Amino acid sequence: MTKERTLFDPKTFLSTVGAGREMMSFRKGQSIFAQDDVSDAVFVIQTGSVGLSARYQGGKEATLDILGTEDFVGNDSLAGQPIRTTSASALTDCQLLRIEQKAMMLALAQEVTLATAVCAYVLKRNIRYQQDLMDQRCNLSEKRLAHILLRLTHFDGRSSFGTAIPKIDQETLAEMVGTTRSRVSFFMNKFRSSGFIDYNTTSNLIRVHRKLLAFCAG
């Protein structure tokens with residue numbers, strides 16, 4: 001009698017250990033991989049936040065993105081890039097599932113549901129990057145910072161009031177906004193006094209309120 005094939009679940013594959021899949025923990029500030037490292041695996045964030053950066057000519061490094069739970073890190077390994085085009089480091093204590101390139105490519109070839117989910121994720125991120133580019137060209141620094149804070153909380157107006165995110169270094173936020181640290185500090189204080197966000201010097205969290213969504217829409 002033929003044994004029935006177990007139904008494949010993409011979420012389970014992307015969140016549990018198995019053949020070619022290893023759960024790894026990183027402390028805040030720890031490097032996950034560096035630009036020019038061998039691109040031999042993709043990571044899926046289970047908990048915590050990860051910063052992506054790139055080094056340009058002259059050695060200057062810029063923060064490109066901040067990723068959170070269920071985001072992929074190191075997508076270059078899926079595009080056939082032999083070496084890493086970015087660096088990734090833990091912005092908070094975090095846990096990531098490391099999936100070897102061969103294991104991931106095999107699963108993508110065999111499992112339509114996984115390939116569909118990954119394709120949808122990549123397309124969604126490409127649209128987001130296009131929106132970021134338009135944001136850089138069309139909006140003032142204050143609104144760009146507001147958009148970044150909302151994006152980090154995955155806040156769409158339907159999530160619970162007062163969504164919290166780990167506190168991000170203002171220098172990192174300044175790089176993403178394309179302004180100076182002093183301007184980010186000014187805007188953050190303004191957002192706090194306006195009731196858009198809550199945080200203090202000792203807290204490790206930034207709490208984002210619905211009012212910030214209304215500010216971005218205005």
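Two strands are taken to pair if DSSP finds at least two bridges between them; helices (H or I, at least four residues) and strands (E, at least two) are DSSP runs, numbered from the N terminus. On this basis, three strands form an open, antiparallel sheet in the order 9-11-10. Strand 9 (163-166) and strand 10 (197-198) stand at the edges with a single partner strand each, so one side of each is left without a neighbour in the sheet. Strand 10 is joined by two bridges to strand 11 (residues 205-208), and the two run antiparallel. Aspartate 198 has arginine 207 of strand 11 as its bridge partner.

The model is predicted, and local features need pLDDT of at least 70, side-chain atom pairs count only at pLDDT 80 or more, and totals for chains, interfaces and linings use all residues. Residues are numbered from 1 along each chain as its sequence is written, and side-chain values use heavy atoms, with hydrogens and water left out. The pLDDT, which is the predictor's confidence in each residue from 0 to 100, averages 87 over the chain, and 92% of the residues score at least 70. Among the elements of the chain, the mean is lowest in strand 9 (79) and highest in strand 1 (residues 21-26), at 98.

Helix 4 (residues 141-153) lies across strands 9, 10 and 11 and runs at about 95° to strand 9. Axes are lines fitted to C-alpha atoms, for helices over the stretch in contact, and angles run from 0 to 180 degrees between N-to-C directions. Threonine 153 is found in this helix and is buried, with a relative accessible area of 7%; buried means under 20%, exposed over 50% and partly exposed in between (1.4 Å probe, protein chains only). Neighbours within four places in sequence aside, threonine 153 is in contact (heavy atoms within 4.5 Å) with Thr163, Ile165 and Val208.

A nonpolar core is a set of buried Ala, Val, Leu, Ile, Met, Phe, Trp, Tyr and Cys residues joined through side-chain atoms within 4.5 Å. The largest has 25 residues, and those touching the most other members include Leu149, Phe191 and Ile197. Helix 4 gives the most to this core, with six residues. Apart from it lies another core of 14 residues, among them Val42 and Val44.

Six of the seven residues of strand 3 (residues 41-47) are buried, so this strand is largely enclosed by the rest of the structure. Six bridges join strand 3 antiparallel to strand 8 (residues 94-100), where glutamine 95 is the bridge partner of threonine 47.
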